[in-house]
Amino acid sequence: MSKATRATKMLEQAGIAFTVHAYDYDASADSIGLQAAEALGEPPARVLKTLMALVDGKPVCVIVPSDGEVSMKRLASAFGGKSAAMMKPADAERMSGYKVGGISPFGQMRNVKTAIEEQAVAHDLVFINGGQRGLQVRLSPRDAATLLHAIIAPLVA
């Protein structure tokens, strides 16, 4: 497994402090995010999942704790929209340039607006997908939000 991905390259180029953590990815897990948290020995609230969604038909990236469920109403509201829906996996892969289970908010093929769950930024360090299945980067959630120009808002139900 390569530890150099578009995501890690973006973080390096931006001068963001991060560490890389590999784990055994289980494609058959009910929840990829929860499986990552368990494999890393971390609380699910500190292991964030990256999801791709549509708000009023426009693509957005959503980062929430792995044990959280996105509220579509809150997601739409965060972006000033009327409706939100999760993106189909094939569309998420095409939009982000990453495989489902390895989608990172960093180094995506297209720049899309991003939102981070406000509870996540209360932690000093969090884990976010590093652009490959079984690869997480640990960094400050505030650094991630700044780099991504992310909206910080209540997103989970």
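Predicted model: local features only at pLDDT ≥ 70, side-chain atom pairs only at ≥ 80, totals over all residues.
Residues are numbered from 1 along each chain as its sequence is written, and side-chain values use heavy atoms, with hydrogens and water left out. Helices (H or I, at least four residues) and strands (E, at least two) are DSSP runs, numbered from the N terminus.

**Nonpolar cores**

- A nonpolar core here is a set of buried Ala, Val, Leu, Ile, Met, Phe, Trp, Tyr and Cys residues joined through side-chain atoms within 4.5 Å; buried means under 20% relative accessible area with a 1.4 Å probe, protein chains only.
- The largest one has 27 residues, and L11, M52, F106, I116, I128, V137 and L139 have the most contacts inside it.
- Elements giving two or more residues to this core include helix 1 (6–13), strand 2 (48–55), strand 6 (126–132) and strand 7 (135–139).
- Leaving aside residues up to four places away in sequence, F106 touches (heavy atoms within 4.5 Å) A7, M10, L11, Y98, I128, N129, V137, L139, A144, L147 and L148.
- There's also a second, separate core of 14 residues, with V62, A84, L155 and V156 among them.

**Largest pocket**

- A pocket is an open set of points on a 1 Å grid over the protein atoms alone, where a 1.4 Å probe fits, with protein on both sides within 12 Å along at least five of seven lines; lining residues have an atom within 4 Å of a point.
- The largest pocket holds about 590 Å³ of space, a volume being the space filled by probe spheres set on the points.
- It has 28 lining residues, and I32, K49, T50, L51 and V100 sit closest to its centre.
- Strand 2 gives the most to this lining, with five residues.
- Sorted by class, the lining has 14 nonpolar, nine polar and five charged residues.

**Strand 7 and its partners**

- Four of the five residues in strand 7 are buried, so the rest of the structure largely encloses this strand.
- Two strands pair if DSSP finds at least two bridges between them; strand 1 (residues 18–22) pairs antiparallel with strand 7 over five bridges.
- In strand 7, L139 is the bridge partner of F18.
- Strand 6 and strand 7 also run antiparallel, joined by five bridges, and F127 has R138 as its bridge partner in strand 7.
- The hairpin of strands 6 and 7 has two residues between the strands, and G134 takes a positive phi near 85° there.

Technical notes. Buried < 20%, exposed > 50% of the residue type's maximum accessible area, 1.4 Å probe, protein only. Nonpolar A, V, L, I, M, F, W, Y, C, P; charged D, E, K, R; others polar.
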